[in-house]
Amino acid sequence: MSDIGDWFKNIPFITRYWFAGSIAVPLIGKLGLISPIYLVLWPEAFFHKFQIWRPISATLYFPVGPGTGFLYLVNLYFLYQYSSRLETGAFDGRTADYMFMLLFNWICIVVSFLSCTHCTLLMIPLIMSVLYVWAQLNRDTIVSFWFGTRFKACYLPWVILGFNYIIGGSIVNELIGNLVGHLYFFLMFKYPMDLGGRSFLSTPQFLYQMFPNRRGGVSGFGVPPSRRPLPQEQAGGGGGGRHNWGQGFRLGDD
């Protein structure tokens, strides 16, 4: 038990509590301590009965059963792996920036789901949005998937979308997660740094007060990728071309 405790304590801060909540809430629903009907996102109950906890509980809850257990465990693995890698990689020492990314993605997912009457679970979309951001920051890294297949990390979210469709029968959750992850990545990294546009997103100051940075960096950007030089900079001798978005890991590495 001490080994499990040590392993749990070594999980990065935000990932640790997200991971624990994603185990505890499904277990509460499975044991019947709280009826699952109160844990999923129902727009009518949220708007008309003011059950404002539903977007949070629906992010952590998943109906675990004989037909969904494997899908749940696979996505729990993705949560642990890719949230940990982002939190200790691109966002290392910048818990506030990582928390802002999760909040931005979560709010976008909640807004999109409140307009959908049959979209009730937010766990997979939020996990996929995080995985998508990791894949883009490590887009040229070669990852290994099931049955020894190997490909660039930038394709991983779409491969997982197809994989989850095979074992789960739906791609709506994965697709929304990928689109939200792309929106965050474009607004936070791609447009301001690679295309030279203005910055539309920045981490609110209250998050820095709650989670102070442990080292220096660009506020609101985690560890930003290298910006592509503007044309006038290239004319002045700066190097052009695309930049490597960061180092990564192979799927399944420790």
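Student: Over residues 60–82, what percentage of the chain is helix, what percentage is strand, and how far apart are the end C-alpha atoms?

Tutor: Residues 60–82 are 65% helix and 0% strand. Their end C-alpha atoms lie 17 Å apart. Keep in mind that this is a predicted model.

Where does this stretch come from? An unreviewed UniProt entry lists residues 60–82 under "transmembrane region". Take residues 17–40 next. There the chain is 62% helix and 0% strand. The end C-alpha atoms of residues 17–40 are 20 Å apart.

Now the whole chain. It has 11 helices and two strands. From the N terminus, the order is α-α-α-α-α-α-α-β-β-α-α-α-α. Of its 254 residues, 46% are buried. Take the contacts with a separation of 6 or more. Residues 24 or more positions apart account for 67% of them.

Next, the helix packing around your stretch. Helix H5 covers residues 69–88. Its axis comes within 9 Å of the H7 axis, and the two cross at roughly 40°. At that angle, H5 and H7 are therefore oblique to each other. Their crossing is left-handed. On the H5 side, the contact includes Leu-71, Tyr-72, Asn-75, Phe-78, Leu-79 and Tyr-82. On the H7 side, it includes Met-123, Ile-124, Ile-127, Val-130 and Trp-134. By class, this contact has 14 nonpolar, two polar and one charged residues.

H7 has other partners. One is helix H2, residues 13–31. The axes of H2 and H7 come within 13 Å and cross at roughly 160°. H2 and H7 are therefore roughly antiparallel to each other. This crossing is left-handed. Trp-18, Ser-22 and Pro-26 of H2 meet Met-123, Leu-126, Ile-127 and Val-130 of H7. That contact has six nonpolar, one polar and no charged residues.

Another partner is helix H8, residues 156–168. H7 (residues 123–137) packs against H8 at an angle of about 145°, with the axes 9 Å apart. H7 brings Met-128, Leu-131, Tyr-132, Trp-134 and Ala-135 to this contact, and H8 brings Leu-156, Pro-157, Trp-158 and Ile-160. The class count is nine nonpolar, no polar and no charged.

Is Ile-176 buried or exposed? Its relative accessible area is 17%, so Ile-176 counts as buried, given a cut-off of under 20%. Beyond its neighbours within four places in sequence, Ile-176 touches Ile-109, Ser-112 and Phe-113. Ile-109 is 67 residues away along the chain, yet its C-alpha atom is 7.2 Å from that of Ile-176.

Phe-50 is the second residue. It sits in the loop between helix H3 (43–48) and helix H4 (54–60). Its relative accessibility is 63%, so Phe-50 counts as exposed. Its backbone deserves a look too. Most residues other than glycine have a negative phi. Phe-50 is not a glycine, yet it has a positive phi of about 55°.

Terms used. Residues numbered from 1 in each chain as written. Predicted model: local features only at pLDDT ≥ 70, side-chain atom pairs only at ≥ 80, totals over all residues. Heavy atoms only, no water. Axes fitted to C-alpha atoms, helices over the stretch in contact; angles between N-to-C directions. Helix = DSSP H or I, 4+ residues; strand = E, 2+ residues; numbered from the N terminus. Contact = heavy atoms within 4.5 Å. Nonpolar A, V, L, I, M, F, W, Y, C, P; charged D, E, K, R; others polar. Buried < 20%, exposed > 50% of the residue type's maximum accessible area, 1.4 Å probe, protein only. Parallel < 35°, antiparallel > 145°, perpendicular 65-115°, else oblique. Left-handed = near helix turned anticlockwise from the far one by under 90°. UniProt positions renumbered as here; feature names shortened; annotations may be inferred.
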